[in-house]
Amino acid sequence: MSQKSTKSDTTKSNWPLVVLTSSIMGICFGVSFYKSHVYEPQIIRGQFLFQRFVMLKVFFGAMGIGALIFSALSSMKARAFDQVRTLWRPTSLTRSWTSGPVLGGVLLGMGMSLSGACPGMVWIALGTGTSNSLLTIAGGVLGASAYGVYADAIQEKLLNRGPMGPCSQVYADEAMRKSSTMLTFILGMVCLGGCALLETLVPWKTELPNRLSEALSEPMCEFGSPEFSFFECPAWPPSIAGMLLGALQLPGVVFVGNVLGSATAFQILSSLCLAPLGLSSKYVRIFATPNPLAWFQLPYVGVASVIAHLLAGKSGDLKGAIGVDEMQAFLGGFVLIFGSRLAGGCTSGHGLSGCAMLMTQSWIAVPSMFAG
């Protein structure tokens, strides 16, 4: 979300409802990412090399369900859906397509490859005790701090320069002059079809870490059988976990007034650190000011981290995932958050929400991430 988008009127927002909703969403977020094991550095790196497809399965599942929810909301809760899309318009209109989604997306992808994390998954990694995940978070807060301090200069000298290109049309349905209800429905079905295809071509158990092999061979992990246990099995098919994540778009839009995202949590934390030090730019002051449309991400990622810790403990899997080394973790965290701020979104904001909302910028940013 851009600095301008956080200025939306919040007087009608119900803080207790937002905190409660985002906390419940955080529970589901923690369950989804832990059970899919998509947070593990080697799985993330494997996706960038197209050697593992756990991440893509989760994304297809989440985007598919999210797009179908947006399709329904666009006709049944049109006002709420339109308000969210309006909230995100400045993200596209305040950056050229080359300096924003392309350059920012490439940097975000580089940061993910280095750290083996993304702005949302790193909180699950922290909860499960993945080594050096705290360094990735520290690097991310520093990256957000650097962006916040120099935000005005970055906007003037980089984001405002260059062509708007395809981003001049914020949403694909507007550019195509087609119904968003129809296009999001088609997108949702295509993504779910992609899930089915990937799960068929690459069986889910073959992609998970070897340390889970013994548990996955037990009847409680035979998905589709009466013995399968969603609670006891330490892993789920990634597509199913992704669908749970995508379903969170419904309470997000209806009760919070925003869609899924996680990088803004870093900007808020960094702004709260910078403001008392006198390093308070206009951008920093905006994010340091309580606003439920942005601050909902704090309980969302915080609760998710706690849930991941509890699930890993229950499965005897605390500190099971192996992280990257200290330098890669810290530097990767810096680059991925700085890149996400430049791009106007992260893997969740662009990859799950923006693409499902048909945001043109997001369909540029996501391929750029993989190019990084």
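Where is the place of H37? H37 sits in the loop between α1 (15-36) and α2 (41-48).

1. **Basis.** This is a predicted model: local features need pLDDT of at least 70, side-chain atom pairs count only at pLDDT 80 or more, and totals for chains, interfaces and linings use all residues. Residues are numbered from 1 along each chain as its sequence is written, and side-chain values use heavy atoms, with hydrogens and water left out.

2. **Fold.** The protein chain has 20 helices and zero strands. Helices (H or I, at least four residues) and strands (E, at least two) are DSSP runs, numbered from the N terminus.

3. **Overall dimensions.** The C-alpha trace spans about 55 × 45 × 40 Å along its principal axes. For 372 residues, a compact globule would have a radius of gyration near 21 Å; the protein chain has 19 Å, which agrees. That radius is taken over C-alpha atoms, and the globule rule is 2.2 Å times the number of residues to the power 0.38.

4. **Packing.** Of the 372 residues, 58% count as buried. Buried means under 20% relative accessible area, exposed over 50%, and partly exposed in between (1.4 Å probe, protein chains only). Take contacts (heavy atoms within 4.5 Å) between residues at least 6 apart in sequence: 83% of them join residues at least 24 apart.

5. **Charge.** The protein chain carries 23 positive and 17 negative side chains, and the centres of the two sets lie 13 Å apart. Lys and Arg count as positive, Asp and Glu as negative; His and the chain ends are not counted. Each charge is placed at NZ of Lys, CZ of Arg, CG of Asp or CD of Glu.

6. **Positive phi.** H37 is not a glycine, yet its phi is positive, about 65°. H37 is buried, with a relative accessible area of 0%. R177 also has a positive phi, near 55°, in a residue other than glycine. R177 lies in the loop between α9 (172-176) and α10 (180-201). R177 is exposed, at 78% relative accessible area.

7. **Disulfide.** The rule is a pair of cysteine sulfur atoms within 2.5 Å. By this rule the count is one disulfide. C221 is joined to C233, with S to S at 2.2 Å. The link is right-handed, with 115° about the S-S bond. Both cysteines are in the loop between α11 (213-216) and α12 (238-247), 12 residues apart. C221 and C233 are both buried.

8. **Other cysteines.** C191 is in no disulfide. Its nearest cysteine sulfur, that of C195, is 7.3 Å away, too far for a bond. C191 counts as buried at 4% relative accessibility, and C195 is buried at 2%.
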